[in-house]
Amino acid sequence: MNILYVTSEAVPFCKTGGLADVAGSLPQSLAANGDRVSVILPLYQSVADAWRDRLHFERYTYVRLAWRSLYCGLFSYERQGVTWYFVDNEQYFKRPELYGYYDDAERYVFFSRAVLEMLKYIQFKPQVINSNDWQCALIPVYYDLFYRNAGGCYDNIKHVFTIHNIGYQGQYGLDLVKDIVGIPPHKVNIIEYDGDINFMKGAIEVADKVTTVSPTYAKEILDPWFSHGLDRILVSKQYKTCGFLNGIDTEMYNPETDSGIAANFSAKDHKGKAACKSAIFNEFGMPEYKIPLLAMISRFADHKGFDLVRAVFDDIIATDMQVVILGSGESQYEEFFQNMHWRYPDKVGFYRGFNTGLAKRIYAGADMFLMPSKSEPCGLAQMISARYGTIPIVRATGGLKDSIVDYGDNGIGFTFQSYNAHDMLGAIQRAKEAYDNRMSWGRLVTRAMKADFSWAQSAKLYIGLYKELCGE
Ligand code: GLC
């Protein structure tokens, strides 16, 4: 089968969030099953020269955007059994950041049109196109409107649309329809929602299947508490919606071979983990006490649950723990953690910003990893930390619920149900008690490290879904 995976970001080329990790690892796993897989994404300025030098220029053409015709280049690159395509237009993509520009709607309208146009010119005829998140949501819509009956390479393509985060939908005013989105007036209803245009709603409307990144999140988004307004359309399209849990790249995240951490260790032999822990204290300039080290690595965004952490922070410290936090985002939390570092200089370390190397060293060196999200479509950090023997403490929502079974049920972490600071504190205290029993903690660490978070299972589910759509 031929599968085209469309994304607005992918590791190792460019990244702002978890979508990039998924797009950087799922396609290889799909290809490992013997299917032909290509990925297509924009050629951003942030794609490093080391990668650019290896890209092969395929061709250029002009792409229609409403009433305009715009230059579009196409590059390709073979990597790990997958063909990567990059869409080039410097006016739209030669910018310091990936997103956050006044014309983001136009940039991704262009990208979506370009992806469909390019199919004419590449030696790859997809049977399934899997588009991801709002940036690529117009692909099934444009296919439906302009390409479905165009013949040739466009015959009978099935569309899967995957929601990684329903908080970002591509919602704009109707005034964009004529000059940017370029959809005829009598078809605008496809993308119209609550008086606006909504790219994601359009994809939910027309895609053959809608998937999301965990089974629990697929159910949660039918509820207004999680849906950011899209529950009505999702309830009506429930028959074609499902959720597959993401995996992680278990080669990239492997404590046995990782050269970026102070010492290697494995599920059988944890000794190196102590050296990784000491290295963290060195790096943060903190003394090492013989108490648990609790870590948080996150964007400080609303749904990540930092209001709970703030509400009981002193109690967490009183539980007798040291804490390190790596992250950036909402300034109220950046300031809060900075203040906590000043208040407890020997117990709290804070790194403002993002730093992939340091993140890995923290995953490896900490004892526990806190993720109290209000909602979490999947979450990857809890899987990475478990793989490094750092025990997740999570709220049972979305993918956190699907990936982390509680210690009390012979699981690999500590969970709490309600979005409540003291429930979270209770889970942290249970973790501390478990930590103090060194023998059983060691067994817990082994269990966590052995949990299978590879893509193997989910890749099979995706392939099964694609095959079902293609009648194979
Ligand atoms: C988004 C979600 C996160 C998920 C990731 C990859 O970033 O917020 O929960 O793990 O996408 O699907």
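Author: One term before we start: a polar contact is a pair of N or O atoms within 3.5 Å. Also keep in mind that this is a predicted model.

Reader: Ok. Which polar side-chain atom lies 2.6 Å from an oxygen atom of the ligand?
Author: That one belongs to His164.

Reader: And what lies 2.8 Å from an oxygen atom of the ligand?
Author: A polar side-chain atom of Asn246 does, and so does a backbone N or O atom of Gly379.

Reader: Where does the ligand sit?
Author: In the largest pocket.

Reader: Which residues surround the ligand there?
Author: Gly18, Leu19 and Val22 are among them, as are His164, Asn165, Val213 and Asn246. The run Glu376, Pro377, Cys378, Gly379 and Leu380 also belongs to the surroundings.

Reader: What's that shell like by class?
Author: It has 6 nonpolar residues, 5 polar ones and 1 charged one.

Reader: Switching topic: how many salt bridges are there?
Author: The count comes to 21. One of the pairs is Asp194 with Arg232, where the closest N and O atoms are 2.7 Å apart.

Reader: What about the backbone, which peptide bond is cis?
Author: The bond from Val11 to Pro12 is, with omega near 10 degrees. Pro12 is in the loop between strand S1 (2–6) and helix H1 (18–32).

Reader: Why point that out?
Author: Because most peptide bonds are trans, and most residues other than glycine have a negative phi.

Reader: So which residues have a positive phi?
Author: Gln80 is one of them, with phi near 45 degrees, and it is found in the loop between strands S4 (68–79) and S5 (82–88). Asp133 is another, with phi near 55 degrees. Asp133 is in the loop between strand S6 (128–132) and helix H5 (138–147).

Technical notes: Residues numbered from 1 in each chain as written. Predicted model: local features only at pLDDT ≥ 70, side-chain atom pairs only at ≥ 80, totals over all residues. Heavy atoms only, no water. Near = heavy atom within 4 Å. Polar contact = N/O pair within 3.5 Å; in protein donor to acceptor, adjacent residues only side chain to side chain. 1 Å grid on protein atoms, 1.4 Å probe; cavity = no way out; pocket = protein on both sides within 12 Å on 5 of 7 lines; lining within 4 Å. Sits in = over half its atoms within 2 Å of the grid points. Nonpolar A, V, L, I, M, F, W, Y, C, P; charged D, E, K, R; others polar. Salt bridge = Lys/Arg side-chain N within 4 Å of Asp/Glu carboxyl O. Helix = DSSP H or I, 4+ residues; strand = E, 2+ residues; numbered from the N terminus.
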